[in-house]
Amino acid sequence: MGEPVEHRDVADALVIGTGPAGLSIAAELGSRGLQVIGLSPAEPTAAWPNTYGIWCDELESLLLADMLGHRWSDCMVYMGSTATALNRDYGLIDKTKLQTYFLHRCDRHSVVWHQGTAAQINHSSDVSCITTQDGKQLTARIVVDASGHRPALVQRPPLANVAYQAAYGIVGRFSKPPIRPQQFVLMDYRADHLTADERAQPPTFLYAMDLGDGVYFVEETSLAHSPAIAFEELERRLRQRLAHSGVEVTEVHHIERCLFPMNLPMPFLDQPVVGFGGAASMVHPASGYMVGSLLRRGPILAEAIAQALNGASSPQQTARAAWQALWSPERLRKYYLYRFGLSNLLTFDEPQLHDFFHAFFQLSKPQWSGFLADTLTMPELMLAMITLFGKTTNDVRQELLKASWSDRKLLWRSLLAQ
Ligand SMILES: Cc1cc2nc3c(=O)[nH]c(=O)nc-3n(C[C@H](O)[C@H](O)[C@H](O)COP(=O)(O)OP(=O)(O)OC[C@H]3O[C@@H](n4cnc5c(N)ncnc54)[C@H](O)[C@@H]3O)c2cc1C
């Protein structure tokens with residue numbers, strides 16, 4: 001378990017990272033009366049680099065709707081010749097506001113931030129000690145690793161074929177609106193602008209929104225592919241798509257290059273460090289969303305940690321209780337079912353993808369929205385998937401049946417994970 005650790009200045013919890021996962025869990029732990037310290041290479045006030053989209057009802061149910069910076073009611077999906085109105089509001093998080101909200105909560109509960117990069121961890125029977133790259137040591141009764149998709153400390157089994165969501169986006173002005181004014185486009189998989197050869201390549205879609213004052217965000221997105229689709233290819237496709245509609249980019253305000261893993265394996269749930277956020281494989285494996293899930297699951301994790309620390313347990317015992325709360329058997333089963341869904345998506349060609357999503361958005365709104373936000377119970381999720389199977393084409397059904405054999409391990413785990 002490593003070298004002995006001195007007991008000077010022992011905090012209850014040490015949080016690694018100040019992204020959405022780190023700040024939210026630090027605030028939740030602090031609000032339970034725990035003495036929390038945090039560690040990150042940058043100041044906790046350093047701006048988050050990513051733009052976060054979310055379904056508005058997810059924030060409303062958490063009484064956080066005022067964290068929205070933008071909101072759209074005209075939300076569309078385009079698949080081949082079919083246009084589907086989603087009748088569900090989508091929003092962009094005002095990330096400065098959300099970050100400030102968490103920082104204020106952390107301040108109120110006296111969270112102390114340290115600057116540095118976690119390099120090593122040692123555990124004793126009652127505390128864990130982090131050593132930073134520049135040799136500083138920080139000690140706590142439990143360490144929460146929220147350092148993102150390539151975690152500093154959390155260990156997981158290797159996976160050969162990691163599938164990445166990749167996107168290339170432009171925020172700017174255009175010679176004419178690239179989408180309808182005041183519109184949000186979740187997915188536009190229309191591919192008339194591509195040659196037959198290009199259409200045989202892995203499909204990508206347009207994710208786009210009107211940001212107001214003549215500014216739009218347009219992003220060519222690969223939902224998931226292994227290896228990741230290159231940014232150059234995504235940019236080429238985006239420009240080709242815009243040119244096909246007679247749209248020119250006239251001003252570039254910001255370029256977004258988005259890349260993150262979708263199917264990271266479950267971390268080892270018996271390790272003496274707990275993860276949260278990307279570090280804990282919390283990205284929804286079939287949609288790529290995570291922020292709503294962080295906000296819903298942070299209080300559950302913090303409560304489990306507070307209770308375990310109340311019982312004066314070792315880092316190993318506390319982390320075990322924390323992992324079990326974060327990844328309960330039902331959550332684990334859903335995770336494997338979503339991963340099964342993702343591995344299907346990876347095999348579909350363009351027509352199959354169209355048929356699949358066409359059927360998906362024909363599910364009842366509670367079903368498709370609960371699937372995307374990960375708010376369905378396991379029986380509800382199974383029912384949604386069976387309904388989708390019934391609604392889709394024979395071609396897609398055949399692919400799903402084939403996958404239920406080739407990906408039977410994921411399917412078994414979705415039934416049996418403990
Ligand atoms: C461009 C992009 C767009 C995305 N858009 C959305 C979206 O619209 N909606 C959605 O729900 N999800 C989205 N995601 C997915 C996911 O929500 C994000 O990746 C999210 O930022 C993950 O949060 P996190 O806090 O786990 O990690 P991060 O945001 O990556 O934060 C990690 C933190 O850990 C720190 N850190 C790293 N290593 C160390 C170390 N060794 N020691 C100390 N600190 C360390 C970093 O400095 C940082 O503060 C997006 C991802 C990307 C990349």
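Predicted model: local features only at pLDDT ≥ 70, side-chain atom pairs only at ≥ 80, totals over all residues.
1. Helices, which need at least four residues, and strands, which need at least two, are DSSP runs numbered from the N terminus.

2. Two backbone features deserve a look. Most residues other than glycine have a negative phi, and most peptide bonds are trans. L63 is not a glycine, yet L63 has a positive phi of about 60 degrees. The other feature is the peptide bond between S226 and P227, which is cis, with omega about -5 degrees. P227 also lies in a loop, the one between strand 15 and helix 5 (231–244).

3. The domain assignment divides the protein chain into domain 1 (10–68 + 92–155 + 271–327), domain 2 (171–261) and domain 3 (330–416). Note that domain 1 is written as three stretches of the chain, 10–68, 92–155 and 271–327. The centres of domain 2 and domain 3, taken over C-alpha atoms, are 26 Å apart. Domain 2 puts nine residues into the contact and domain 3 puts in seven residues. On the side of domain 2 that touches domain 3, strand 15 (residues 215–225) gives the most, namely three residues. By class, that side of domain 2 has six nonpolar residues, two polar and one charged.

4. Which residues come nearest to the ligand? There are 30 residues around the ligand, and G17, G19, A21, G148 and G277 come nearest. The shell takes at least three residues from domain 1 and at least three from domain 2. Helix 1 (20–30), strand 2 (36–40) and strand 16 (249–261) each provide at least two residues of the shell. The shell counts 17 nonpolar residues, twelve polar and one charged.

5. Now the helix pairs. Two packed helices are described by the angle between their axes and the distance between the axes. For helix 6 (residues 291–310) and helix 7 (residues 315–326), the angle is about 155 degrees and the axes are 9 Å apart. Angles over 145 degrees count as roughly antiparallel, so helix 6 is roughly antiparallel to helix 7. Their crossing is right-handed. Helix 6 brings R297, I300, L301, A304, I305, A308 and L309 to the contact, and helix 7 brings Q317, T318, A321, A322, A325 and L326. Sorted by class, this contact has ten nonpolar residues, two polar and one charged.

6. Helix 9 (residues 350–360) packs on helix 12 (residues 394–406) at about 95 degrees, with the axes 9 Å apart. Angles of 65 to 115 degrees count as roughly perpendicular, and helix 9 and helix 12 are therefore roughly perpendicular to each other. Q352, D355 and F356 of helix 9 meet D395, V396 and E399 of helix 12. This contact has three charged residues, two nonpolar and one polar.

7. Helix 12 also packs against helix 8 (residues 329–347): the two axes come within 10 Å and cross at roughly 125 degrees. Are helix 8 and helix 12 parallel or oblique to each other? With that angle, helix 8 and helix 12 are oblique. The crossing of helix 8 and helix 12 is right-handed. S343, N344 and T347 of helix 8 make the contact with E399, L400 and A403 of helix 12. The residues of this contact are two nonpolar, three polar and one charged.

Key: Residues numbered from 1 in each chain as written. Near = placed C-beta within 6 Å. Nonpolar A, V, L, I, M, F, W, Y, C, P; charged D, E, K, R; others polar. Domains from an automatic or database assignment. Axes fitted to C-alpha atoms, helices over the stretch in contact; angles between N-to-C directions. Parallel < 35°, antiparallel > 145°, perpendicular 65-115°, else oblique. Left-handed = near helix turned anticlockwise from the far one by under 90°. Contact = placed C-beta atoms within 7 Å.
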